[in-house]
Amino acid sequence: MNVIVLASQKGGAGKTTLAAHLAVAAEAAGGDPAVLVDTDPQGSLSAWWNVREPETPQLAPSAIAELPAKLRQLAAAGYATAFIDTPPAITDAIRAVIESADLVLIPTRPSPHDLRAVGSTVELVQGAGKPFLFVVTQAKPNARLTVQAVAALSAHGPVAQAVMHDRVDYAGSMIDGLTVLETDGKGKSAAEMNDLWKIVQARFTKSTKARKVAAL
Amino acid sequence: MKGKRPELGAGLIATKGTAAPPADMPTRAAAVPLRAVPPAPKVGEGREALVPLNFRIGETFRREFKTYAASHDLKLNELLRLCFDFYKSRQN
């Protein structure tokens, strides 16, 4: 089972939205079961899942102390991918979650505040020796700031080529426990989320060529 | 979901309406000690007021400077100040 942790010191960067959407995209794309784990005390992912009508992806409750054992049980049960949402902070508890990751996704808005804060998250992930991928979220169309953000981030590590744009349909879909993939499967938001999942998947393939193509 | 359904043991997966985050993840307020926010400096009071400093530099240097500042949680003026202080200390 591949364990993907969503981490970022900044709140509102899109960790919960990406966790929910990627889990749905993963199941839709490959048919392999995905599972969500919510470690954010705010409980936004749990709240989304509680009102969600479709049964999948499923959500596994886990204490931080029991997370490694829980992930082993989930892998043994047959889940292909686990998506773990984390709170916006830099703590030992988050470090413990990152220790379980096969890949850390760091959502970052193209804003000076997010870019300044990204260093702490990168240090945390690199300290744990885990691979990571930046995902630019809430980007405005045709904004020069987005290009600059990608350039700045690429100096630290790989940046996903798929940029998540600032659209109301992300939030709108999640009110009802859904994702943009389910409310407008042929829309731009669904397309960029499917693209992102392909890029994330490529990180787990053995082909270095595919990985390089998928990330800047 | 098209793939093989996972084999679920008791308590492995949450039931609808009862999912909740773990109790042993500290909240942000508990994790980050509150720091006193210093008041904004005013003219004639302790620190000087901030004023613009305008000059042109190469695009490559600009990107490198901003990237370094971002990765070390520094404002651009803080990094400039550190560089200048270091340079002066070396000259002396």
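1. The side chains of A:Glu182 and A:Arg52 are joined by a polar contact of 2.6 Å. Such a contact is a pair of N or O atoms within 3.5 Å; within protein, one must be able to donate a hydrogen and the other to accept it, and residues adjacent in sequence count only if both atoms are side-chain atoms.

2. On provenance: this is a predicted model, where local features need pLDDT of at least 70, side-chain atom pairs count only at pLDDT 80 or more, and totals for chains, interfaces and linings use all residues. Residues are numbered from 1 along each chain as its sequence is written, chains are lettered from A and ligands numbered from 1 in the order in which they are written, and side-chain values use heavy atoms, with hydrogens and water left out.

3. A:Glu182 lies in helix H8 (residues 180-183) of chain A. Helices (H or I, at least four residues) and strands (E, at least two) are DSSP runs, numbered from the N terminus. A:Glu182 is partly exposed, at 33% relative accessible area. Buried is under 20%, exposed over 50%, partly exposed in between (1.4 Å probe, protein chains only).

4. Leaving out residues up to four places away in sequence, A:Glu182 touches A:Val24, A:Arg52 and A:Pro54 (contact: heavy atoms within 4.5 Å). A:His21 is 161 residues from A:Glu182 in sequence, yet 9.6 Å from it, C-alpha to C-alpha.

5. Strand E1 (residues 2-6) of chain A is largely enclosed by the rest of the structure, because four of its five residues are buried. Five bridges join E1(A) in parallel to E4 (residues 81-85) of chain A, with A:Asn2 opposite A:Thr81. Pairing takes at least two DSSP bridges.

6. E1(A) also runs parallel to E5 (residues 103-108) of chain A, through three bridges. Here A:Leu6 stands opposite A:Leu105.
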